[in-house]
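Visitor: Please take a close look at one part of this model, the nonpolar core, and describe what builds it.

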Amino acid sequence: MEKTEKIWLDGKLVPWGEANVHILTHTLHYGLGVFEGIRCYQTKKKKPAIFRLHEHVDRLFNSAVVLGIDIPFSPEEIFTAIQLVVRKNKLKECYIRPIVFLGHNQMGLNPSGVDVRVAIAAWPWGTYLGDEGISNGIRSRISSFTRHHVNITMTRAKACGHYVNSILAKTEAVRDGYDEAILLDPQGYVSEGSGENIFLLSKGRLKTPALSCSNLEGITRDSVFDIAKHLKIEVEEGLITRDELYLANEVFLTGTAAEITPVREIDNRKIGIGKRGKTTARIQKMFFEIVQGNHTKFNKWLSEA
Ligand code: PPE
């Protein structure tokens, strides 16, 4: 990864190489922590614009509520700290990673009394599933791993520990020659990708798993709802079966890192025409116009650095 100069740690900017933690950091052992992934894009005015920063900061605090973590900063402080990290590192386009984690003043499963710490790093990060994936679509498999039950770790939270499940699914998919995994929920319905939400297009309508399907409430997912509304495409949230995906005309993944990535194959079955579909292309095009500030109606989603 490309290093940058400064990382914000507990209220101060420190050099990249000095943003370290003790080996007995609670979160490192037990996984109780929450984080965000945010992208910043360069607009046509050559200025960096952070995409949906308000929503990401809100989700970070909501994740902390779900896990019972009391963040020792206000949402406003985190918001301005994120802007500061982008500005101080002189980044035009980057990925921003705020993380709330528990410190090392106490071990054991009762986190009461353990210091709550916050770090914010940012670095340049290109396409998540490859440039080729963005244009022509990726190959995916249904994972042999099930997504967390909603009463196991509570999937509304973007929790560090959830990603053990994601990593197992991703590793399995890549080892088997696919680009990404699609996970089912404990009832057997489609949930999401290892780090993305999922949409299908059938009979001209978009459909995505309801939030009761163990998936994260993605901010890109929410952006697609508004984009689809603008393009007069209906979107339905509900239960999706695995074979419904196979029979869809188009499938795509959404996420901050993955942006809008078409899926051209699932479990060795061609989806639709076997490359990026027309509707996916329209949504993707509008998404990239919005993040680059080329859609005045959606400029409310952009925050300056
Ligand atoms: N589901 C999961 C499990 C998930 O991790 C993400 C984001 C999403 C859905 C989409 O959410 P949103 O980014 O708000 O649209 N995954 C982040 C982590 C990726 C990583 O590899 O790290 C991301 O895209 O930033």
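Guide: In the largest nonpolar core, which has 31 residues, Trp8, Ile50, Ile71, Ile78, Ile82 and Ile96 touch the most other members. Such a core is a set of buried Ala, Val, Leu, Ile, Met, Phe, Trp, Tyr and Cys residues joined through side-chain atoms within 4.5 Å; buried means under 20% relative accessible area, with a 1.4 Å probe and protein chains only. At least two residues of this core come from each of strand 4 (38–42), helix 2, helix 3 (75–88), strand 6 (94–102) and strand 7 (116–123). Helices (H or I, at least four residues) and strands (E, at least two) are DSSP runs, numbered from the N terminus. This is a predicted model, in which local features need pLDDT of at least 70 and side-chain atom pairs count only at pLDDT 80 or more, while totals for chains, interfaces and linings use all residues. Residues are numbered from 1 along each chain as its sequence is written, and side-chain values use heavy atoms, with hydrogens and water left out.

Leaving aside neighbours within four places in sequence, Ile82 is in contact (heavy atoms within 4.5 Å) with Ile38, Ile50, Leu53, Val57, Ile96, Pro98 and Ile120. Apart from this core lies another, of 22 residues, including Leu201, Val224, Met286 and Ile290.

Helix 2 covers residues 53–67 and spans 21 Å from its first C-alpha to its last, close to the 21 Å expected, that is, 1.5 Å times one less than its number of residues. Among its buried residues are Leu53, Val57, Leu60, Phe61, Ala64 and Leu67, and also His56 and Arg59. Just after helix 2, Gly68 has a positive phi of about 75 degrees.

Methods. Buried < 20%, exposed > 50% of the residue type's maximum accessible area, 1.4 Å probe, protein only.
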